[in-house]
Amino acid sequence: MPTVVLMDASLSMTRPVSQEQCTEELQRKHLAVAGLTMLFEHMANNYKLEFTSLVAFSSLWELLVPFTRDYSTLQEALSNLEDYDKTCLESALHGISNVVQQEWGHACPTQVVLVTDGSLGIGKGSLRHSLQTLKGRPEDKKFPLPFPFPAKLFIMCIANADELQMTDTMHNLEQLLQLNGGDGQIFTMEGQLCLKSVQSMFGRLIDAAYSPFPAVLRCGNLASDVQVFPRPEPVFLDEEIDPMPRHILTDLEIVGFIEIGDISSPPVMSRHLVLPIAVNKEVDDVGPGTTEEPEEETSANQQAGKVPNFCVLLHGSLKVEGMVALVQLGPEWYGMLYSQADSKKKSNLMMSLFEPGPEPLPWLGKVSQLGPISDAAENPYGEDDSKSPFPLQPKIKRSYAQNVTVWIKASGLQTDVQKILRNARKLPEKTQTFYKELNRLRKAALAFGFWELLKGVAELLERECTLLPDTAHPDAAFQLSHAAKQLKLASTGDSQYAAFDQNINPMHTDFSGGGAGM
Amino acid sequence: MQNSHRAEPEMKMFSVSHKTAFVVDHCPYMAESSRQQVECDVLTKSRGQGMIPLAPVSKSLWTCAVECSMEYCRILYDVYPLKKLINYIVSDSEFHILNSWRQEDQSTHELMSALAAVGPPNPQEDPECCSVLHGLVAAVESLCKITEYQHEARTILMDTADRVANRGRIICLTNAKSDTHVRMLEDCVQETILEQNKMAAGSDRLMPIQQCELVLVHIFPQGEDTLVSDRPKKEVSSLLTSEVHSVRAGRHLATKLNILVQQHFDLASTTITNIPMKEEQHANTSANYDVELLHHRDAHLEFFKSGDLHMAGSTSRDSGLKETVTLKWCTPRTNSVELHYCTGAYRISPTDVNSRPSSCLTNFLLNGRSVLLEQPRKSGSKVISHMLSSHGGEIFLHVLNSTRSTLEDPPSISEGCGGRVTDYRITDFGEFMRENRLTPVPESPDAEASGKPPAERAKAQLERYTRYWPMIISQTTIFNMQAVVPLANLIVKESLSEEDLLTCQKTVYNLVDMERKNDPLPISTVGSRGKGPKRDEQYRIMWNELETLVKTHVAGSERHQRVLDCIIACRSKPPEEDERKKRGRKREDKEDKAEKNINKDSEDKSWQESERLKGVVERGKEEQGESEVIKDSPDSPEPLNKKPRLEEIQLPEKAKGPVSLLTMWTNRITVANSKKHQEFAGRISSVNNKAELYQHLKDENGMDLHENGKATR
């Protein structure tokens, strides 16, 4: 989930903060930079796969750092930040909307961290003005929220709540959040504006959005501590029936295994890396870290690399066998684990989340009904792996799989009539197909109440009968007049002859060897 | 896709599209001809010779209404085989309900059969008695009836059952007299809703209607002017909205209902273009065809969002009413073993289901092949955005992710925890995964009685299979031995048959035999200096490990216990082994420690815990025992008596190399016979320690332990 940091670089950010203990002048901007530095440091250490970009704005906006995992670049850009004129949030939001769409498209959930002092401009271009003029805008001048991609908006105010509530700022920010579909949070500073309170505010942001997601991956008694990245977001199902968000369990339990060909490119809600982590249980005994920490860390990493880990084993076998592991994420919620290779020949254990529900993939059926093969009387994969119990077949075939009759276009009807006539001319060889097509037409005509067609086709068959060449097999004439007669009877609607599930059967003639004639 | 799950109306399962009541007018005037003629005698002209072609046939208004409504249902059932329900009602002098809300009643075959029974309207019937009103009243009543899905949801929610909404839509196909007539129909529906809601309030089987959409389609013959004007959706009341469509019978009606089904069920259209298809007449040429498919509109989400809809080849077709996105057939095809990153999969329905291009495409897909689809772009760059694929006779349009991934360039798994370990049992775990593949288990009515659901049984099996499962080759001896396989495969089973037990025992005898022959073991030398443990030490490690494996399963059944008994009996140690154990112990302790370290990060494995405990107990016992015997010097040579002993036992037919089943069996018989030679054992017991070796064989073969004990000690 990429992050865009939207940093207010307007002049108001340079307002000094009244400091009691400290003589040195501290600006709001300095507090903002300190907070972001803390965030970047945290990400560099604990959330390093997150792509982050930095955008500064005043009346204009500028992409200072495009999406990167290089937090030193971000830090550097932050420290070189200059001061500009007034705040104009709308254009900046337009800006980041474009930046995100260009980089990630429209489906990628994004986190926007807006850092501002809460003075959101005056007059045209101010947030207040933007919000007042929301309605009745032309299509091309729409307010950028909600973003076309799913986004969480975190508003970091370098101000305390009282200050914001004195004006309508808080109200405007809340409105902004609402425009974003309510997804996000407004953070304000508690107590005096100082380094401590800004750090505590960013600490709350980190807890809310940038803390790693630890979990345990289990396969029976085999287990591994893992980190799931990016953190899986809570999912909302039916808002009426099930309005509570669903979270994935931190205990990820494998249910069993399925071949890639059987799971067959299933649709997923999101994808996550599953990274094995070493949980050092002796860390408390060691005591607080000293200056030697980095070294220790390296050796600890090396140590961890040498300890067998279930994730690595699982990944290796999934890759070799071309299989996925079905994993339970919660009640009636499943996902799959598989080996994902990137272009550079590196590969990794990946987890995709299916949509919550008892039956996320129709071709697997209900997941709770998937059992071990040992439960089956006979191995459903065959002794030589030549078979598969998947995919499941639906009870009723789809229209395109069952030769339905549609006469909406004249050509559809004409084709069906021609098929009958073609077979009629090849009687008695084509007796079976002739009656099959005839019955198909009969059924549809009866259902559509199209008795006129039955009469028409009967007449066509009678005419075919008269046109039979002398060389024709005698059976042909009998079958044609029999079929014509049956169609005519059906066209009266007489329930004896017009039953839908009844078929016209070929007439048994002496020639067809079926016994007595008419 | 995640986006589509937020705050959008389709998140509601019980939206108006959960229930659709079709009301089709069956009054005498519907028997009137649509005046759209169909020539069905087309080939006759070419046959020529003054033959009189058959007069064209023409459909009645009824036939037009029925076939277009069936087409609506066909598309709906293709795209939503479940949970979108249709109740089909026909109205003349009374109403006829052709099916119910039940899922098993939802199929076009079911409806066609019922329609055939109804037949076309009777033109002779008294028009005064006939009205579409009967049907509309029945439709409102029907919308109040609870569906099985609503019932299920209410049952689950219990206290909050009121969250389950009751909404629905009535599509009325009729021939109205005038706008006033239409207003009268609307008023009637409104009144009936109020009436029915009152009744429903006091019933368990009925639910009051919270929202109803009335869609009136006025059908009139070709060449006539309409007496009813089109009207967009308007609110009649807070419960009812109504819209009027005035349409000519025939093609126009079909187009209208096609548009309606798309609107009602959030569908969109994709045209697959450039489909190469063999020509019937010219087998070696192929022309390119287009096929239009309908599916949920979320398959186009990315286009909607980006405003790329028009750029992505969207064109208007059929008199400018319909929009479709064009996607290009793409070669090469994809193979099924590739796992695409797919963000959505939506069932499709061909617009023109039995046209030749459509059926060629659908048959191609139904045969199990998949096709990638390319999005035409201005820039000319090739972007593959979708895939068509069938799963079990259903065709899905898969949406493939075509944007940059936020997970790019992750650290390789080899760089992380456990990444430097090179001897994982990858092949063995692959075998394990194959054995733990899943299979659908039919739901049985007595499922509750039979205990755990299948998925829980699958997990239970995984638990059993992993009670003792060393992850790396150097951590295990037994799993590197072909000879252990039969036992290892069987012991994890929930229950053992008598035959299974026998196989396990045979495996153990075979190991005893290997030990006797002094066969080398694939024991790891990792972590030990030099050549690793000595041969008998190796066997001790192997036996310990086998015991560990089997011990984790003894609680399973009495036969599991008997396998363990067999092992314990067979491995009973000759005295000198105890002595040697002492020498080996230091080394072993080290190994144990190493093993413990390895296992530290997966602490909560029950078998390890129990094993550790047992280890402590056993060691205690051993120490006691050892203190009583006189110990060899650690440097003393291996006992020389080992080799001759082997020779004595070795049977002539036993050659070196893998042991055949015959050999195993012969051994068993030989051993069984050997116990008859009492004096043989006694003689040996008098010579050094040789008696010990035979003792344990005898034990295993059912000899009284006490007797043996007396004989040897």
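In this predicted model, the contact between the two chains (heavy atoms within 4.5 Å) draws on 146 residues of chain A and 143 residues of chain B. Residues are numbered from 1 along each chain as its sequence is written, with chains lettered from A in the order in which they are written. Local features need pLDDT of at least 70 and side-chain atom pairs count only at pLDDT 80 or more, whereas totals for chains, interfaces and linings use all residues, and side-chain values use heavy atoms, with hydrogens and water left out.

**The interface of chain A and chain B**

The buried area, that is, the accessible area (1.4 Å probe) that two parts lose on being put together, summed over both, is about 12800 Å² between chain A and chain B, and carbon and sulfur atoms give 60% of that area. Between the two chains there are 12 salt bridges, each defined as a side-chain nitrogen of Lys or Arg within 4 Å of a carboxyl oxygen of Asp or Glu. One of them joins Glu321(A) to Arg434(B), with the closest N and O atoms 2.8 Å apart. Helix α11 (residues 310-321) of chain A supplies 11 residues, the largest share of the side of chain A that touches chain B. That side of chain A comprises 85 nonpolar, 31 polar and 30 charged residues, where Ala, Val, Leu, Ile, Met, Phe, Trp, Tyr, Cys and Pro count as nonpolar, Asp, Glu, Lys and Arg as charged, and the others, Gly among them, as polar.

Strands, taken as DSSP runs of E with at least two residues, as helices are runs of H or I with at least four, also pair across the interface, pairing requiring at least two DSSP bridges. Strand β16 (residues 370-372) of chain A and strand β19 (residues 438-440) of chain B run antiparallel over 3 bridges, and Gly371(A) stands opposite Thr439(B) in β19(B).

**A sheet within chain A**

In chain A, 6 strands form an open sheet of mixed pairing in the order β5-β4-β1-β6-β7-β8. Its edge strands, β5 (61-68) and β8 (184-189) of chain A, each pair on one side only. Strands β1 (residues 3-8) and β6 (residues 110-116) of chain A run parallel and are joined by 5 bridges, Leu6(A) standing opposite Leu114(A) in β6(A).

| Helix of chain A | Strands touched (chain A) | Angle between directions |
|---|---|---|
| α1 (residues 28-46) | β1, β4, β6, β7 and β8 | about 165° with β1(A) |
| α6 (residues 169-179) | β7 and β8 | about 155° with β8(A) |

Notes: Axes fitted to C-alpha atoms, helices over the stretch in contact; angles between N-to-C directions.
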